[in-house]
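Hi there,

Here is the structure I promised to pass on. Have a look at it first, and then read my notes below.

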Amino acid sequence: MADFRKGMLKRILILAVAVTFLFCADGARVLYLQTVKNDELAAKAESQQLSDTEVTAMRGTIYDSEGNVLAQSATVWNIFIDPSNIDDEAKRELVVNGLSGYLEFNAKETKELYNNSKKDTKYVVVAKKVENDIKEKISEFSAKNKLGNIIGTEQTTRRYYPYDSFASSVLGFTGGDNQGLSGLEAYYNDELSGTNGRIITVKDARSNKLPTDYETSIDAIDGNSLVLTINQTIQYYLEKGLRQTLNDYQCKGTYGIVMDCNTGAILAMSSMPDYDCNDPYKITYKKTKKQLKQITNKKERATKESEAIQNQWRNFTVSDTYVPGSVFKTFMASAALEEGVVDLDTTYTCTGGIQVDTYYMKCHYHAGHGTQTLTQGLENSCNPFFITIGQKLGVHNYFKYFDAFGFTQKTGIDLPGEAMSQYYPENQYGIVELSSASFGQTNSLTPLQVCTGICAIANGGTLVKPYIVSEIKDANGNTVKKTQKTEVRRVISEETSEKVRTMMRSVVDNGTGKNGYVAGYRVGGKTGTSTKLGESKEGEKDKYIVSFAAIAPSDKPEIAALILCDEPNVDLGGGAICAPIAAQVTEQAMQVLGIEPKYDEEEAKDLSISTPSLIGASVDGARSTLTNSNLKYKISGDGDTVVAQSPSAGSEIPTGGTVVLYTEKGKKKKVKVPDFTGLSISEANSAAASKDLNIKISGNNLTSEAVVAYAQSVESGNEVDIGTVITVSFKSTNSVLD
């Protein structure tokens, strides 16, 4: 009996120890879970009990300077399914067929949706960024067929660019998650993005959302908006000119900047070829697409296609450098006048070249310009003249102004990817380097640096910082930040500025820049050509970048512009290719800025006049009125009273133009517009007269050189009323590779 008791006590003791051990182990486990694993387990429990949905903030809008929307976001929807709630094949077929129809899926996409509907998961996105009308139809379909726990929608946003490719190299574009990937969209991404909100909903045991009584939401904070300095009209005409030149001369690229020379505000900026911001991966340039089609190797073609896409995204004016060529002579003239090593009476006799150490540096005019004044040297873009000016100036003073004009630093513009200039430091200049640099070779600058330097010459001598965003506003329209003019430094005196501006006007009136002429606006300019050394294959002709810099009005400038053409397919300089674009853009900019033209006596002779109102007048009275207004007439009909006229009353018509008078009611007579391209002024007038049309002459029409038409306001082949006024632009194709 005693042994039995001892055995029983022993067993009880063992059991007690075991139970105590188990209790301690469980306690330790509970303690471990409550302390070490507490956060992890709480998160798991919360994820099973709560649905946390992110609400995308509305990205800020981008406006031009006049308040026109250039980029904006709108609410769209992601469509998803919960395969775990599809409990039979009939329901699966209903879901798949219904969604495929509304989302316009093809056979492959429908099959993928069917396979996704069988997955062991509760969330599969089947379509992203669906427009609201489609989302509403899907919601109605889901409600009608009681599929609420199977088909769901999530609110998100989509970026829209109303004008497609307009200012694309400036605006940039966004990615699938609404993040900025290029241009202003990338540079100001934090400002534009805003802060996303959240919707937290309790879920039941089957992980389905409970009614909204259990829902908590944190509102999204929409992003700030940008107001740009870009003017839509000026930008449109810049792009129009660059695009036409790109196609006409099959260039590698065409680029342009227009700036308010007094503040640094960018009024227009473009790099061609451009792209559609709504479809940035689509190649737009026909020449590039044709070249890609000719590549048979798939891997090589894919590589070249990727390069082409990247190229059309680049903003050359900011992110690339080039050798400025003879446009740089304006800076040399400024430095030399400021230092007093030359004056306007300084002369030089050009014999066609100049010996510099062991090198003979040629003038573009190999016969030589003969004896010239400083102004004539700039008009003729004479290289030897400016080589001697550079040598008089000396390395130290040359580099002092090179630095002062901002060519050794980035401008600091509010755009991504600004390139750094490539230049010789002061201690590396010898006589050869100085001489070459003096006519715009040797150093590489960004177009933005050059245009900013031109602004300093134009505005009286002060370097200003360029900028493209004038204002940042919050979602309620309140101004968060306003950009102020930043004066970097004074570079030259007002006196020197005035002298160089006068010289630049003479370049347009008498020199290589005649195609930059705009009646009434006293445009100043400078042509330029730079050879792209080392880029031509053996046996090929040299490749060039040609350019034209402009200021207007030259006596009191408001704008500066720089136009470039990269590798045109003809050996024409910036005077023939780029100056006409500058002229068109300048004319529009002057009108936008409200600057009234001032015509000299010669220009006044060719001014258009307002067509008089003649409807209701007798034929004899109308004849008399038109004759007294220096206008011709053509009568259609046998009536005694004018019942209609073309052009209409108040329209601009050239002096000596013809007004068509209709004396019988009925349709106005129509005629097809001829193609004026390549015609001289007299030939264009004859072609217009033969069709009973009027032409208004624009562009270079005061030069003694032969000029030809290169653009017209109404495309050839279009039908217009007889008597209609067609604006035809003319230019000289005589130019120098200076």
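Let's start with a quick one: does Lys605 count as buried or exposed? Lys605 counts as exposed, because its relative accessibility is 54%, and the cut-off for that word is over 50%. Before you go further, do keep in mind that this is a predicted model.

Lys605 also has a partner: its side chain meets that of Glu602 in a salt bridge, at 3.7 Å from N to O. Glu602 is partly exposed, with a relative accessible area of 44%.

On to the other salt bridges. A search of the whole structure turns up 23 of them. As a reminder, side chains of opposite charge can pair when their charged atoms come close.

Lys304 and Glu307 form one, with an N to O distance of 3.9 Å. Both residues sit in helix H11 (residues 298–313), and because they are 3 residues apart there, about one helical turn separates them. Lys304 is partly exposed at 38% relative accessible area, and Glu307 is partly exposed at 45%.

Lys400 and Glu339 make another salt bridge, at 3.0 Å from N to O. Here Lys400 belongs to helix H15 (residues 383–404) and Glu339 to helix H13 (residues 329–339), so the pair ties together parts that are 61 residues apart in sequence. Lys400 is partly exposed, with 38% relative accessible area, and Glu339 is partly exposed too, with 28%.

There is also a network of salt bridges, which links Arg59, Arg159 and Glu185.

Staying with charge for a moment, Lys282, Lys286, Lys289 and Lys293 form a positive surface patch. Lys289 is found in helix H10 (residues 286–293), and it counts as partly exposed at 35% relative accessibility.

Next, some backbone details. The peptide bond from Ala552 to Pro553 is cis, with omega near -20°. You'll find Pro553 in the loop between strand S20 (544–552) and strand S21 (559–566). Ser646 and Pro647 are joined by a cis peptide bond as well, with omega at about 0°. Pro647 is placed in the loop between strand S24 (644–646) and strand S25 (652–654).

Two residues with positive phi are worth a click too. Thr442 is not a glycine, yet its phi is positive, at about 80°. Thr442 sits in the loop between helix H16 (431–438) and helix H17 (447–458), and it is partly exposed, with a relative accessible area of 30%. Asn630, again a residue other than glycine, has a positive phi near 60°. Its place is the loop between helix H22 (619–628) and strand S23 (632–636), where Asn630 is exposed, with a relative accessible area of 52%.

Last stop: Ile681, which lies in helix H23 (residues 681–690). Which residues does Ile681 contact, leaving aside its neighbours within four places in sequence? They are Ile697, Asn701, Val707 and Phe730. Ile681 counts as partly exposed, at 22% relative accessibility; buried would need a value under 20%. Lys667 is 14 residues from Ile681 in sequence, and the two are 31 Å apart in space, C-alpha to C-alpha.

Cheers

Technical notes. Residues numbered from 1 in each chain as written. Predicted model: local features only at pLDDT ≥ 70, side-chain atom pairs only at ≥ 80, totals over all residues. Heavy atoms only, no water. Patch = residues over 30% accessible without salt bridge, like charges linked within 9 Å, V, L, I, M, F, W, Y side chains within 5 Å. Areas by Shrake-Rupley, 256 points an atom, 1.4 Å probe, with all protein chains shown as cover. Salt bridge = Lys/Arg side-chain N within 4 Å of Asp/Glu carboxyl O. Lys, Arg positive; Asp, Glu negative; His and termini not counted. Charge placed at Lys NZ, Arg CZ, Asp CG, Glu CD. Helix = DSSP H or I, 4+ residues; strand = E, 2+ residues; numbered from the N terminus. Buried < 20%, exposed > 50% of the residue type's maximum accessible area, 1.4 Å probe, protein only. Contact = heavy atoms within 4.5 Å.
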